[in-house]
Amino acid sequence: MKHALLFSTAFLLLALSLKAQTKISGKVIDASKHPVAGANVYVKDSYDGTSTGADGSFSFLATDTGKVTLMVSMITYDKTEMPLVLNGKEQTLTIVLKQAASQLKTVVISAGTIEASDEKRITMLKPLDIVTTAGAQGDITGALKTLPGTQQVGESEGLFVRGGTGNETKTIIDGMVVAKPYFSGVPDVASRGRFSPFLFKGTVFSTGGYSAQYGQAMSSALVLETQDLPDRSSGSAAITSVGFGGGINKLSKDSTASIGGDFNYTNLGPYYNLVPQNVKWNVTPVFAGGSLNFRKKFSETSMLKFYGYGNYSQLGISRPNLDSTNGFVDNFKLNNQNYYTNLTFHANLNDQWKYYIGASYSYNQDDIEPNAIRILNTNQLSQGKVMLTRAFGSLSLLRFGGEFQDNRDVSDYKNIPNVPAPYNHFKYDITDDYTAGFAETDIFLSSKIVARIGGRYEYSSLQQKANLAPRTSIAFKTGANSQVSFAYGDFYERPETRYLFERPSLEYEKATHYILNFQHVEEKRTFRVEAFYKQYQNLVTTIAPNPIFPEDSLFNNGNGYARGLEVFWRDKKTFANWDYWVSYSYLDTKRQYLNYPVLAQPVFATPHTASLVIKKYIPSVSLNLSATYTYATGRPYYDPRYPVFLGERTPDYHKVGFTASYIRKIKNVFSVFVVGVDNVLGRDNIYSYRFSSDGLRSEPVTATAARMYFVGVFMSFGIDRTQDVLNNN
Amino acid sequence: MKKIAALFLTLSLALSCIGQNKKYISVMEKNLHEMDTCKTIHGYQMVANSFERIANAEKKEWLPTYYAALCHAFMSTLTTGDKIDEYCDIAEKFANKSDSISPNNSEIYALRSLIYSQRIGVNPMLRGAKFGGKSGEMNAKSKELDPNNPRPYLLQGQGKFYTPPQFGGGKDKALPILEEAVKKFETFKPASSIAPNWGKERAKQMVEECKKK
């Protein structure tokens, strides 16, 4: 009995001695040796621990013994673990916490890039800005034209960037090229972009020096990223002064998949009846189309996206024939069919490796009737792309991959006047198999300096030419919110199809970019200034170098340059509920290409362009007002009577746009009412002049109407039952 | 003799277990008391740290992570801009942990509703519709799981209060819901001394606010 008691007592004493306490004390600091106050310091799986004081110091008693893990955590820092052996002897520690990667205001490659995204919290533009910018008329391109680097070219579609033509900008959706991102139009009338800004969660507009991932664009890349899964199932409807549309988007019950579709119909007939036009539309512009999308999330890091688009349009225009003295008119009619589908998948293999696979198909058919001729232009582009990314640490990475494009162009000419059959009919048909490989690495020497080094290799089976384009950028932080970056790179592009039809063996056209950028970005203010120099080589020329062989006229004998300075300032802070941005672009560019006999400032370029965009939100009435003013100096035009080639200038360009939108929730329907007027002052902006072949008669090229009015209501509503429940209670 | 030793041993082990449970309750009570007196981010951080430590030891209890999340949600009310998201990110992580320990818990859904509604503050123009909707969904689920829980009513009323009238909110819309919340608070009995029991004063305050012209 006594033994038993003794034994038990001994056991209890032993148990108690096991509970002997160890004092743990020390200090928690950050990488720059500043104390971290309020950090949580504790022994894993036990109650023991404490918070650090204002000086980062801590001290507590731990009851466990032996091997334990000490945990240290604090908001905005990485959680740190540390093995410890506790044996009753006091431990004094200095613990250094690393700032969480999300907190490091890391340097980013910014030369040439303007980003509009919702993902990163501080960007120059949010996707919503694109929709609410006056004068943009809900067109992505329209909004981007208020940013530095772009030209105000009212008579053709596309983005004319830094002395480049509209063809030198490529549009990319989820990594895949879109062959025809703009509606097919008639000559001298700019058409809109095909895709609604609401499709995209992020937009990167690069005006030069972009990643080796993208090729075949000498000036600019417009990189669009589609929305992920919607937040809920919803329907939408729109009625506007030019048409109507509707859509539905259904989210699966477990919120991992969604399916959606929409349609829209635009008919400008009724509008043209109300608002007189400067031109005669002999076929009323009508557009009808729709799209389907499907998204599936397989895990937190993997996503499958499908997007399919189809559209039909018709339009026609009549203009007086300047060569005719007895009132002949030139007729131009167009029927267009366009399809675009895009399927992409991306996933993480593990912590280090990520992969991306994509496929796309573009089909475009323009059935054109200029006067009595009939031309059927068909373009098909099939594309496949694979990309692998390997992360090194939390910042550095290596990205590489390959791309294949099959590009087929057919041009079928019928009924050519004054030519006897069967010679009045001919056809071009070319196919280019294009392969490319790219690799680039982002090396962070610290969170303040990053270098991107990479290159792209391309081969065209049609031209039977290869090229290797180096691309490099470097950026370093000069302050908490500011940084300087520099980019250099070569950018190749195959000549336009119409020249390849005649001579498939043409060389790539080439541009070399040098960009120096400074930017200061705060949460509500952005300042950015960028200087660039761009050199053009191997531009296609259409003047026969040897007059003895006038037929032999297509060569890569052109060249040119562009240099300039751009400033951008955006401020949402100074005045509450006001938001404004100012951009200014200076451009000095000359080129000798196509039929230019000498180096000259091209018709699409002007030295000074400036935009001011103002937005004011009035919360009490939920009204959004926006005004945009754009100014540009005159552009060169060709006057056959004038001795200097492209020596004359159009008058300066001024345009004021205004939009008001009012948001209201009625029952469970969100409605946005929009009223907009473009070119409020009704100024007759002259883009260029058309001349008769003898140069005696001329006609200005202008917008099709002095002002453009827009009225519309956009509605969206929840469609599942939970939505009703929510709105009723 | 051996039997007695074994008995003694079992008894001491059992006692230490009860001790452990008692310790859990008392430490929780102490921290809850501290939480009620918090007024600053630093204060909430200290209590949140304590709850995180308790969670670290009591892996089967959903309340320590619940309160750690709640403290972070409260911290987000005391800051502005992107900082709100930082606190909400942590709050969400703790809330998810609680949910994995105690699924289909009305209180955790109410907590999630609170976190979503906090996130609206980062950019009401862009986020109002998205996070307002999510917050509403969480409230609906919370009510479904426990119709007597007053907190989803408080949060719903609060949401309506801060939503502009053009978007279906406003004082007049908020008042009946908040009055319902107050009524439910009068009869609400927390499951234990450490179960969620916050919001009553806030609900009364909001009703007064709504009645002000």
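**View 1. Helix 3 and helix 5 of chain B are roughly parallel to each other.** The parallel label follows because angles under 35 degrees count as roughly parallel, over 145 as roughly antiparallel, 65 to 115 as roughly perpendicular and the rest as oblique. This is a predicted model, in which local features need pLDDT of at least 70, side-chain atom pairs count only at pLDDT 80 or more, and totals for chains, interfaces and linings use all residues. Residues are numbered from 1 along each chain as its sequence is written, while chains are lettered from A and ligands numbered from 1 in the order in which they are written. The axes of helix 3 (residues 63-77) and helix 5 (residues 106-119) of chain B come within 10 Å and cross at roughly 25°. Axes are lines fitted to C-alpha atoms, for helices over the stretch in contact, and angles run from 0 to 180 degrees between N-to-C directions. Helices (H or I, at least four residues) and strands (E, at least two) are DSSP runs, numbered from the N terminus.

**View 2. Residues of both helices form the contact in chain B.** Helix 3 contributes B:Tyr66, B:Ala69, B:Leu70, B:Ala73, B:Ser76 and B:Thr77, and helix 5 contributes B:Glu107, B:Ile108, B:Leu111, B:Leu114, B:Ile115 and B:Gln118. Two residues are in contact if their C-beta atoms, placed from the backbone, lie within 7 Å.

**View 3. Strands 26, 27 and 28 of chain A are joined by antiparallel pairing.** Strand 26 (residues 509-521) is linked to strand 27 (residues 525-541) by 12 bridges, and the two form a hairpin with 3 residues between them. Within this pair, A:Phe518 has A:Val529 as its bridge partner. Strand 27 also pairs with strand 28 (residues 555-571) over 15 bridges, where A:Asn559 is the bridge partner of A:Gln537. Two strands pair if DSSP finds at least two bridges between them.

**View 4. Two loops of chain A contain A:Pro422 and A:Lys33.** A cis peptide bond, with omega about 0°, joins A:Ala421 to A:Pro422; A:Pro422 lies between strand 21 (396-414) and strand 22 (426-446). A:Lys33 is not a glycine, yet has a positive phi of about 70°; this residue lies between strand 1 (22-30) and strand 2 (40-43).

**View 5. Residues 12-17 of chain A have pLDDT below 50.** Beyond near neighbours in sequence, residues 12-17 have 1 contact in the model. Where pLDDT is low, the predicted coordinates should not be read in detail.

Conventions. pLDDT is the predictor's confidence in each residue, from 0 to 100.
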